[in-house]
Amino acid sequence: MFEGFFGASAPADETRQQYRAELEKQLKAGLAENRKIDLRSTAHLVVVAFTDEPILPVWRDFALGEVRDAHLFVAPPDFESGELTMVSLYLGGTELASTDTFIESVSTFGELIDELRFTPTTQRRFAVVEPPASVYHDDLAYGFTAGDLVDI
């Protein structure tokens with residue numbers, strides 16, 4: 001499933017994909033059981049990404065799928081360490097405002113986590129843009145409110 005999320009510039013190594021698929025399965029089961037979250041809806045997703053992967057391919061899928069809520073789990077490339085950072089994304093939609101924080105499409109998930117880690121995220125919306133296209137004319141205008149980061 002996640003192969004479609006990541007562009008050609010992302011490492012496509014088989015071990016990484018196997019880890020991503022297994023971790024996604026475990027995280028979905030845990031969220032459904034512990035937090036009673038219904039993940040059957042395509043508007044609510046669990047996404048596993050690596051710090052060195054670009055944000056834009058996932059963001060495009062969020063926009064095209066009109067995803068409302070997502071749990072984003074970001075792992076370091078040396079996934080053997082078992083370290084994960086989770087951020088909940090909620091209230092996804094195309095209603096962007098000048099108060100949104102815009103993140104460049106060339107950014108990686110690691111850069112996104114750094115941005116969120118050092119800036120208060122409660123009630124803060126952010127969006128990913130692909131310069132030079134206007135966020136209102138690239139058909140992918142999409143923003144989320146970021147919840148608190150949790151290092152797992």
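Trainee: Which residues have the most contacts inside the largest nonpolar core?

Mentor: First, the basis of the reading. This is a predicted model, in which local features need pLDDT of at least 70 and side-chain atom pairs count only at pLDDT 80 or more, while totals for chains, interfaces and linings use all residues. Residues are numbered from 1 along each chain as its sequence is written, and side-chain values use heavy atoms, with hydrogens and water left out. In soluble globular proteins, nonpolar side chains tend to be buried together. A nonpolar core is a set of buried Ala, Val, Leu, Ile, Met, Phe, Trp, Tyr and Cys residues joined through side-chain atoms within 4.5 Å; buried means under 20% relative accessible area, exposed over 50%, and partly exposed in between (1.4 Å probe, protein chains only). Here the largest core has 25 residues, and those with the most contacts inside it are Trp59, Phe62, Leu72, Leu89, Phe109, Leu112 and Phe126. Two or more residues come from each of β1, α2, β2, β3, α3, β5 and β6, and α2 gives the most, with five. Helices (H or I, at least four residues) and strands (E, at least two) are DSSP runs, numbered from the N terminus.

Trainee: Which residues of helix α2 are buried, and what covers them?

Mentor: In α2 (residues 56-64), the buried residues are Leu56, Pro57, Val58, Trp59, Phe62 and Ala63. Their cover includes β1 (44-50), β2 (69-75), β3 (85-93), α3 (109-117), β5 and β6.

Trainee: Why is strand β5 described as largely enclosed?

Mentor: All six of the six residues of β5 (residues 124-129) are buried, so the strand is largely enclosed by the rest of the structure. Arg124, Phe126 and Val128 point one way, and Arg125, Ala127 and Val129 the other way.

Trainee: How many bridges join β5 to strand β6, and in what sense do they run?

Mentor: Two strands pair if DSSP finds at least two bridges between them. Four bridges join β5 to β6 (residues 143-151), and these strands run antiparallel; β4 (residues 101-104) pairs with β5 in the parallel sense, also over four bridges. Phe126 has Phe144 as its bridge partner in β6, and Thr101 has Phe126 as its partner in β5.

Trainee: Is Arg16 buried or exposed?

Mentor: Arg16 counts as buried because its relative accessibility is 6%. Arg16 lies in helix α1 (residues 14-34).

How values were computed:
Contact = heavy atoms within 4.5 Å.
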